[in-house]
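Please keep the sequence and the coordinates at hand while reading.

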Amino acid sequence: MKNKMATIVIGAGAAGMIAAWRAASLGAEVILLEKNSKLGIKILISGGGKCNITHGGNVETLRQQFQINEARFLKYAFHTFTNTDLLQQLKEYGVETYERDNGKVFPMSHKAGDVVHALRRMMEKAGVDIRLNSSVTEILKDESGIYGVKVNQEILETKSVIVAVGGTSFQKTGTTGDGYSWAMQLGHALVPIRPALAPIFLLPKPPAEWQGTPIRDCLLMAKSNTTTISQWGGDILFTHVGISGPATLEVSRKAYVEFEKGNLITMCVDFFPELTIEEIDQKILTETMKSGAKQTVTLIEQFVPQKLGPHILQQAKVNEIKKLHQLGKQERRSLSETLKNCSIGTVKEIPLDGGEVTAGGIDLREVKPATMESKLVKGLFFCGEILDVAGPVGGYNLQAAFSTGFVAGESASKI
Ligand SMILES: Cc1cc2nc3c(=O)[nH]c(=O)nc-3n(C[C@H](O)[C@H](O)[C@H](O)COP(=O)(O)OP(=O)(O)OC[C@H]3O[C@@H](n4cnc5c(N)ncnc54)[C@H](O)[C@@H]3O)c2cc1C
């Protein structure tokens, strides 16, 4: 039997679309309101347009990629709508997928648009009333609970609202953080909003000739004085203002926490994560025995991207014109130490808008993990990135949005 009043879902991202589909599949009348003129804009730009839909690992490993409180909160949702459930569902709607060696799952077509298309068809089949260009400005509540939402100056009556409006990064995609103020007006506490999976702007700016240069398989470290506050192994890429690339994105969240306290954060690169300083020293020594007349900078440029050679020598305080056989023991040691811990600048800014996800958001302690309903307001549900949940790169964030959306849709359909 249909509900007398429609369930309203705000936001047609991964979380909102799955929530709308699930609620409608269970017989609820559902209206999905999206401010943009098309569905799933963030899915369309995800994974560089290829959409890393989820991760192929077992559910528990996926869950454990999140911070402890987030992982605890996600347990029910991740087990209720798993990565396998998601892929099976998408397959039924024509999206074949494959898993890479690192566990990342992509559509076989490499087209994020295919995922959005499948979600649209799922919703249409379930009878969701999809309304684009519909910007919600307010959620209305009285003593007995939710009674409506204000959209394009009109009031739509409802007893259940699913807030799936995402975070506040990449604002051009529509995620302008609208849900945070609604939640606060409705009595919810917010965990401070911070960038995550974001690029890092450096001081000084990297030299122009480094721009576009990658450092592969390094260990990137964010240090406050000499203490490492965050580190990640992988690739980084120099941009015109700083660094980006997978390792940078992963380090950014914890680095920001220290940065906002006013601490000076130095970004350092270990070019040889697998080797000790002594082993690097030995490598240089072996090369010196073999070809002592070689310029030191030439050897260093065999170890690191060419354009960085002079920077390494300068930081190690070794004269650029020195040949290998002219290096003293101390100079060799200094080079080895610099290759293990080379400063590339201090943090100038970690932009919130540049983050692939927003950390912080609706305090998880105020949301029921088995329903996604607010513990404070009956009929109010949250799912997706608006929650204080932010995982690493690898398909984890979309999975979190899909799983929490599924649970929210299922629970809201019962109101
Ligand atoms: C560049 C980039 C690449 C990414 N790549 C990946 C990836 O490959 N894999 C992965 O797992 N994660 C990836 N992510 C993260 C992932 O896309 C998000 O975590 C996820 O899309 C969040 O889903 P959501 O449904 O919660 O929110 P969103 O997808 O952000 O959807 C929220 C929707 O709500 C709408 N909205 C906002 N306010 C209102 C309002 N007032 N009224 C009506 N509608 C409103 C917005 O327009 C938006 O469409 C990427 C993110 C970015 C920015």
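## A buried lysine

K340 is buried, with a relative accessible area of 16%, where buried means under 20% relative accessible area, exposed over 50% and partly exposed in between, for a 1.4 Å probe and protein chains only. The model is predicted, so that local features need pLDDT of at least 70 and side-chain atom pairs count only at pLDDT 80 or more, whereas totals for chains, interfaces and linings use all residues. Residues are numbered from 1 along each chain as its sequence is written, and side-chain values use heavy atoms, with hydrogens and water left out.

K340 belongs to helix α12, residues 329-340; helices (H or I, at least four residues) and strands (E, at least two) are DSSP runs numbered from the N terminus. Its side chain makes a polar contact with the side chain of D270 at 2.8 Å, a polar contact being a pair of N or O atoms within 3.5 Å of which, within protein, one must be able to donate a hydrogen and the other to accept it, while residues adjacent in sequence count only if both atoms are side-chain atoms. Residues up to four places away in sequence being left out, K340 touches M221, V269, D270, F272, P273, L275, I277 and I280, where contact means heavy atoms within 4.5 Å.

The domain assignment gives domain 1 as 7-195 + 358-412 and domain 2 as 199-350, with bounds that come from an automatic or database assignment. Taken over C-alpha atoms, the centres of domain 1 and domain 2 are 39 Å apart, and 9 residues of domain 1 are in contact with 8 residues of domain 2. Between domain 1 and domain 2 an area of about 740 Å² is buried, 52% of it from carbon and sulfur atoms; buried area is the accessible area (1.4 Å probe) that two parts lose on being put together, summed over both. In domain 1, R194, P195 and V393 lose the most area to domain 2, together 63% of what that side buries.

Across this interface the rule finds 2 salt bridges, each defined as a side-chain nitrogen of Lys or Arg within 4 Å of a carboxyl oxygen of Asp or Glu. The side chains of E70 and R253 meet in a salt bridge at 2.8 Å, N to O.

R253 lies in helix α8, residues 246-259, and is buried at a relative accessible area of 16%. The side chain of R253 also reaches the backbone oxygen of A390 at 2.9 Å. Leaving aside neighbours within four places in sequence, the contacts of R253 are Q67, E70, P195, A196, A359, D388 and A390. The C-alpha atoms of R253 and L197 are separated by 6.6 Å, although these residues are 56 residues apart along the chain.

## Backbone geometry

Most residues other than glycine have a negative phi, and most peptide bonds are trans.

| Residue | Phi | Relative accessibility |
|---|---|---|
| C51 | near 65° | 2%, buried |
| D217 | near 50° | 59%, exposed |

C51 sits in the loop between α2 (41-45) and β3 (54-55), whereas D217 is found in strand β13. A cis peptide bond, with omega about -10°, joins L203 and P204, and P204 lies in the loop between β12 (200-203) and β13 (214-224).
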